Amino acid sequence: MDKFKTRIGVVSMATLAMSGSVAGSAIAAISKSFPNTPISTIQLLSTLPGLGSLIITLIAGQMAMHVSKKNLVLLGVALVTAGGMIPAFWNNSVIGLLACSVVLGMGVGFISTLNPMILTEEFEGEERSSMMGINTGMTSLGSMVLMAVGGFLGANNWRHLYWVFGLGIVVFLLVLFCLPSDKVVKVADEKTGKQESTWTIIKGLNPYVYWIYLAVFILGLAYTAYMANLSIVIMAKHIGGTATTGAINSFGTFIGIFAGLGFKYVRKATKPNTLAAGFFFLVITLALTYFFNNIIALAIAAAFSAITMVTIMPTATFMLSMLCKPEQVPVVMSIFAFINGLSSAIAPKIISWLHVPAGAPSFVFAGALAAIVVIILLVTRFEKKVESGSLLQDAPVVQD
């Protein structure tokens, strides 16, 4: 029963992990209410949550070494709820709306960083892997529900869209009563007995952790290249426009929910090369979109793109949890969340600096990156070595 309650607490917080994108659907309507404000400023409502989240990922791991993770999650859910609901009744100021977006993003930052930490702490072995997959599926489900209900509430008045964040109150209560309280684990220096600094912990990390970080960074570049150029490619192929792109993405998200919930079956079929399989699914996504000119093929590609994320993200966090010691988890997962957010945020700039043209050429670039990762993972048998424990280091001294 305790494990069941823990599962409820963990997956409930996951439903808010992509809540920062909800306001994006109302940008046009909000812009009409503020005709003297540049549209570029209004568009910040959909990007500032990412900035707020990125800032928190830098400090959440350090905070988790001093404050209970459960309390930090409750803080995160409270920030999401407050930042989301305040605009429902205080909405006459663009500055106020933007400030609330940052607060909302900060809450998402706590949730997305602490979620894998708690999964690592509460579950072991294949159960941990399975829960990470379910968690990803619930993130997609939460995003879909928030977008759909928010769109319904804000159909006639965009201000009502923000009431959808009332879901945060339910999540807060579920976390409060279902998630077990955790004890702060302090890392002590072997010689002095004093608590180690974050920098000292980082220097002591297993070097193979950085290879996973690199893979996640490449995923951010390649996947963002796909998402940012999909509508361009669809229009170039003369098979639709914005509505078609939206429908294809929605189908992918829908498939992603089931892929996440059934991740343990995906893992059974791909183990011990699940990470490589995830990047191979991305190659399939890009190839289908590049070579075919019909909606059905592009919808299948979108399904593979969702499966890509559901496969890679849980596997990456699972492998990180196997490569680090329990007391290193807060720092390791904090860096993971930061790199994940940073890679997606700066991907368009990096692709531009590399002089890769928009549209189909970006798909070739992304496909080449993903294919290289697949080859390296298979040749080095990296994932099998991680799971066998042959890449582990000795544990540091820990003080309660």
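**Close-up views of a predicted model**

Helix 7 (residues 125-153) is the main contributor to the nonpolar patch, giving five residues. The model shown in these views is predicted.

Figure 1. The patch covers about 800 Å². Its members are Phe89, Trp90, Leu141, Val145, Val149, Phe152, Leu153 and Trp163. Helix 7 supplies the most, with five residues. Where does phenylalanine 89 sit? Phenylalanine 89 belongs to helix 5 (residues 69-89). Its relative accessible area is 59%, so phenylalanine 89 is exposed. An α-helix has 3.6 residues a turn, so residues three or four places apart point the same way.

**Figure 2. The whole chain, for orientation.** Secondary structure amounts to 17 helices and two strands. The radius of gyration is 21 Å, close to the 21 Å that the globule rule gives for 400 residues, so the chain is as compact as a globular protein of that length. The C-alpha trace spans about 65 × 50 × 40 Å along its principal axes. Of the 400 residues, 52% are buried.

**Figure 3. A salt-bridge network.** Seven salt bridges occur in the structure. Which residues are linked in a network of salt bridges? The network is made of Glu126, Arg267, Lys271 and Glu387.

**Figure 4. Glutamate 126 with lysine 271.** These two side chains meet in a salt bridge, at 2.9 Å from N to O. The pair links distant parts of the chain, 145 residues apart. Glutamate 126 is in helix 7, while lysine 271 is in the loop between helix 12 (263-270) and helix 13 (274-291).

**Figure 5. Arginine 267 with glutamate 387.** The side chains of arginine 267 and glutamate 387 form a salt bridge of 2.8 Å, N to O. Arginine 267 lies in helix 12 and glutamate 387 in helix 17 (residues 382-388), so this pair ties together parts 120 residues apart in sequence. Is arginine 267 buried or exposed? Its relative accessibility is 2%; arginine 267 therefore counts as buried.

**Figure 6. Glutamate 387 with lysine 271.** Glutamate 387 also forms a salt bridge with lysine 271, with the closest N and O atoms 4.0 Å apart. Glutamate 387 lies in helix 17 and lysine 271 in the loop between helix 12 and helix 13, so the pair ties together parts 116 residues apart in sequence.

**Figure 7. A cis peptide bond at proline 272.** Lysine 271 and proline 272 are joined by a cis peptide bond. Its omega is about 10°. Proline 272 is in the loop between helix 12 and helix 13. Most peptide bonds are trans.

**Figure 8. Helix 15, its bend and the residue after it.** At 1.5 Å a residue, the 25 residues of helix 15 (residues 329-353) should span 36 Å. The end C-alpha atoms are 34 Å apart, which agrees. Where does helix 15 bend? The bend, about 50°, is at alanine 347. A proline, proline 348, follows within four residues. Histidine 355 comes after helix 15.

**Figure 9. Two histidines with positive phi.** Most residues other than glycine have a negative phi. Histidine 355 has a positive phi of about 60° although it is not a glycine. The loop between helix 15 and helix 16 (360-380) holds histidine 355. With a relative accessible area of 69%, histidine 355 is exposed. Histidine 238 likewise has a positive phi, about 60°, without being a glycine. Histidine 238 is in the loop between helix 10 (209-236) and helix 11 (242-261). Its relative accessible area is 72%, so histidine 238 is exposed.

**Figure 10. Aspartate 182 beside lysine 70.** Aspartate 182 is in the loop between helix 8 (167-178) and strand 1 (186-187). Its relative accessibility is 15%, under the 20% limit, so aspartate 182 counts as buried. How far apart are the C-alpha atoms of aspartate 182 and lysine 70? They are separated by 6.7 Å, although the two residues are 112 residues apart along the chain.

Conventions:
Residues numbered from 1 in each chain as written. Predicted model: local features only at pLDDT ≥ 70, side-chain atom pairs only at ≥ 80, totals over all residues. Heavy atoms only, no water. Expected span 1.5 Å × (residues − 1). Bend = angle between axes of the 7 residues up to and from the residue. Patch = residues over 30% accessible without salt bridge, like charges linked within 9 Å, V, L, I, M, F, W, Y side chains within 5 Å. Areas by Shrake-Rupley, 256 points an atom, 1.4 Å probe, with all protein chains shown as cover. Buried < 20%, exposed > 50% of the residue type's maximum accessible area, 1.4 Å probe, protein only. Rg over C-alpha atoms; globule rule 2.2 N^0.38 Å.
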